Amino acid sequence: MQSTARGEGRRLAARHRNIELGLLALAVAVCLAGHIDASLALTGKLPPGLLVHGLSLGALVAVAHLAVRRFAPYADPLILPLGVFLTGFGLMLLDRLDFSYKAAHSGKGDYQKLPAAPSQLMWVFISVAAAIALIVFVKHHRFFQRYVYLMMAGALVLLTAPVFSPTDSFGAKRWIKLPGLPSFEPDEFVKVAITIFFAGYLMANRDALALAGRKVWGMTLPRGRHAGPVLAIWAISLLVLIFERDLGTSLIFFGLFIVMLYVATERTSWVVLGLIMAVGGATVVGTLEPHVHGRVEAWLHPLDYYKDVHDPAISEQPAEALFSLGTGHMTGTGLGSGRPWLIGFAGRSDFIFTTIGEELGLAGVTAVLLVYVLLIQRGLRTAIGLTDPFGKLLAAGLSAALALQIFVVVGGVSGLVPLTGKALPFLAAGGSSLLANWLMVALLIKLSDSSGRTALDPVQPTPEPLPAQAGPGDRSAATDPASPSPNPSPTPHPSPGQTLGGAGRPLAPGPDPTAQTTAGPGLADPGAATELRPAFGHAPVAPQHPAGPQSSAPQASYGYPPVNEQPTHGYGPPPQSPFPSNPAS
């Protein structure tokens, strides 16, 4: 029966891969249709090189699909198509903007007339190739658990490196420029490395961080000695905000830690404390640091730029973004029919979101945001389906990092929060951002493969037990009725329906030891090797019998209920019928 269940799981996994292939084809077709629509609106002709572009993008997507089918066969079927759609949609928007920027800046002769789509296409191939390499060569996501502190050390080096840059870029120090090499944003890679470190650190220290402290105004605050890591992360985020003037990285860095801390401890007080610290630190820095203060003033008074006398720190971009979004109305002006290039150089970075709002309207903005939400939801679903705490925290952290970056970018462009200058994931021009986001996609694919394997493959090695469950040498082993006592002492046997207290005294009637034990909600099974969570396959079913040290009862398969089990009563053999069997019947 196990082989039958395993075959059913493999067939369901193969069906997921076929669904993924169909969604990939749909994503590529939609992006190519967008290229054709924008080119017809701008030039009245089909885009040049459409066949070559379509074939090359399709071949790259096919290689990625084959890698997932071979090395992550149980992965979520939506993660890769969503990443491909967002990347292809971004290429289409950049190609459409290149045409307008070239026409508007050809007479000025500045750098904005240079196309950005060819460079972005090169980074698409590099990023997808890096994601394929991670899927192929990293056998399991626990590989990263061995190097969490090494990754944290490298992340801190990358995070502080832009401080020593001699020049600023658009008011902030976020880029590293080396002679003979293109510039890159190290904070994009820091986002991934720090997420891995937080997952490893919180897995090892979540019990200490979950301890309750004093109550202040009805809220239970953590103990002082356990708040040290939060204070350290808060101080680092403020230093980044002060010396690099990078509001977006600081918000993502500190917010990511608070979200993962809440996921690990389930304590609302950490979130409240984190919000108070974030708002307090941002208020102080926003008041004293001129660049951040200018961002806040432009957020509060975006239309002051058009006054005769205004704060010189206020730029025209926030007001122009509002005009562009308002022009789109419900359905937009149509691809190629708007004027999003009027915003300037930022139209290819975070303000590429205004291109969607102007030319596709509120309907297009909602559709793109729903694609982002769906990708984040698949990551959180993967976290629920995983059985090991490191994988759970890593999947939740990657999803939270993506959600936080989308929030600060879209919120800054739409006027919800101050501008941060971060690139919109997958859509905006930038090799560093695209490479880091595709590494996140590859990690989510590996994590979802582990989750799906647990749900669909009934024959696999036993996962590592969670720290919260009983293990060898745990105190709960002493209370396990199936565990032999190391120092047996003569004690009176209780009558059925009684339990023994101290010195062998009978206490109040307890459960009948001959009754069948069934694991209900919230009751831990001593024989369970690990905690099972439902994934996108069949829901795991817990065994319905207590497995002792020498129990030969069949174990529950991962994702399928045990078959042909005989019910056991208590800890002895099944009761025999008091009536003799009739051979003639």
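The questions below go through a helix pair and its aromatic rings.

This is a predicted model, in which local features need pLDDT of at least 70, side-chain atom pairs count only at pLDDT 80 or more, and totals for chains, interfaces and linings use all residues. Residues are numbered from 1 along each chain as its sequence is written, and side-chain values use heavy atoms, with hydrogens and water left out.

Q: Are helices α5 and α6 roughly parallel or roughly antiparallel?
A: The axes of α5 (residues 148-160) and α6 (residues 186-209) come within 8 Å and cross at roughly 150°. Angles run from 0 to 180 degrees between N-to-C directions, with axes fitted to C-alpha atoms over the stretch in contact. Under 35 degrees counts as roughly parallel, over 145 as roughly antiparallel, 65 to 115 as roughly perpendicular and the rest as oblique. Therefore α5 is, relative to α6, roughly antiparallel.

Q: What kind of aromatic pair do Y149 and F197 form?
A: Rings of Phe, Tyr and Trp (its six-membered ring) pair if their centres lie within 6.5 Å; planes under 30 degrees apart are stacked, over 60 edge-to-face and the rest tilted. Y149 and F197 have ring centres 5.6 Å apart and planes at 75°, so the pair is edge-to-face.

Q: Is F197 buried or exposed?
A: Buried means under 20% relative accessible area, exposed over 50%, and partly exposed in between (1.4 Å probe, protein chains only). F197 has 9% relative accessibility, so F197 counts as buried.

Key: Helix = DSSP H or I, 4+ residues; strand = E, 2+ residues; numbered from the N terminus.
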